[in-house]
Amino acid sequence: MAGALGPVWVRTSGTWATKTYYDFDGHTGGTAPEGFQNVLTREQWEGVLDFVKAVDGRLLISVGNCVGNHKPDGSWDPAQARLLLDFSREYGVPVAAAEFMNEPNLLGMNHSLSGRFLFENPHFPQIKSREKHPKNALIA
């Protein structure tokens, strides 16, 4: 039915996504690593990607931005974002657009991070790599 309503955008975002660790090889056993609150498995993500394919949709995600996504110096680590973007593209459902976390206005309220890092962090542009993901849009 969703495909008949098209064009379809599938958004996997929200506060849950902001604090999620992507465990596509099963090494966490379902337990979120320190700094994260949730775990998304390969099987769960493949289910989302299969749905997007089935409805001929486009995928919109939130890129995680919680304490676990930051290095000891406070800078953002793009490794989890790269994993999600690369896996999705290789599976045949490239991410069409990405939000850099859900509700950034709440960053200082629930996290020990300052909103300044976004503009000061040299790694931020890597989530929107034009080489590997030339058709991505960054939603702000």
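This is a predicted model: local features need pLDDT of at least 70, side-chain atom pairs count only at pLDDT 80 or more; totals for chains, interfaces and linings use all residues.
1. Residues are numbered from 1 along each chain as its sequence is written, and side-chain values use heavy atoms, with hydrogens and water left out.

2. Helices (H or I, at least four residues) and strands (E, at least two) are DSSP runs, numbered from the N terminus. Of its 140 residues, 43% count as buried, meaning under 20% relative accessible area, with exposed over 50% and partly exposed in between (1.4 Å probe, protein chains only).

3. Strand β2 (residues 20–23) is covered on both faces. Thr20 and Tyr22 are buried on one side, and Tyr21 and Asp23 are buried on the other. In a regular strand the side chains alternate between the two faces of the sheet.

4. Asn38 lies in strand β3 (residues 38–41) and counts as buried because its relative accessible area is 13%. Its side chain makes a polar contact with the side chain of Trp16 at 3.0 Å (a pair of N or O atoms within 3.5 Å; within protein, one must be able to donate a hydrogen and the other to accept it, and residues adjacent in sequence count only if both atoms are side-chain atoms). Leaving aside neighbours within four places in sequence, Asn38 is in contact (heavy atoms within 4.5 Å) with Trp16, Lys19, Thr20, Tyr21 and Ala32.

5. Helix α3 (residues 42–54) passes a simple length check: its 13 residues should span 18 Å at 1.5 Å a residue, and its end C-alpha atoms are 18 Å apart, which agrees. The expected span is 1.5 Å times one less than the number of residues.

6. Which residues of α3 are buried? They are Trp45, Glu46, Leu49 and Val52. Seen down the axis of α3, these fall within an arc of 115°, so they line one face of the helix; the arc is that of the directions from the helix axis to the C-beta atoms. They pack against β1 (9–12), β3, β4 (58–62) and α4 (79–91). On the other side of α3, Glu43 and Ala54 are exposed.

7. Asp56, in the loop between α3 and β4, deserves a look. It has a positive phi of about 50° although it is not a glycine. Most residues other than glycine have a negative phi. With a relative accessible area of 67%, Asp56 is exposed.

8. Finally, the largest nonpolar core has 21 residues, of which Phe24, Trp45, Leu59, Ile61 and Val63 touch the most other members. Such a core is a set of buried Ala, Val, Leu, Ile, Met, Phe, Trp, Tyr and Cys residues joined through side-chain atoms within 4.5 Å. The elements that give two or more residues to this core are α3, β4, α4 and β5 (95–99), and α4 gives the most, with four residues.
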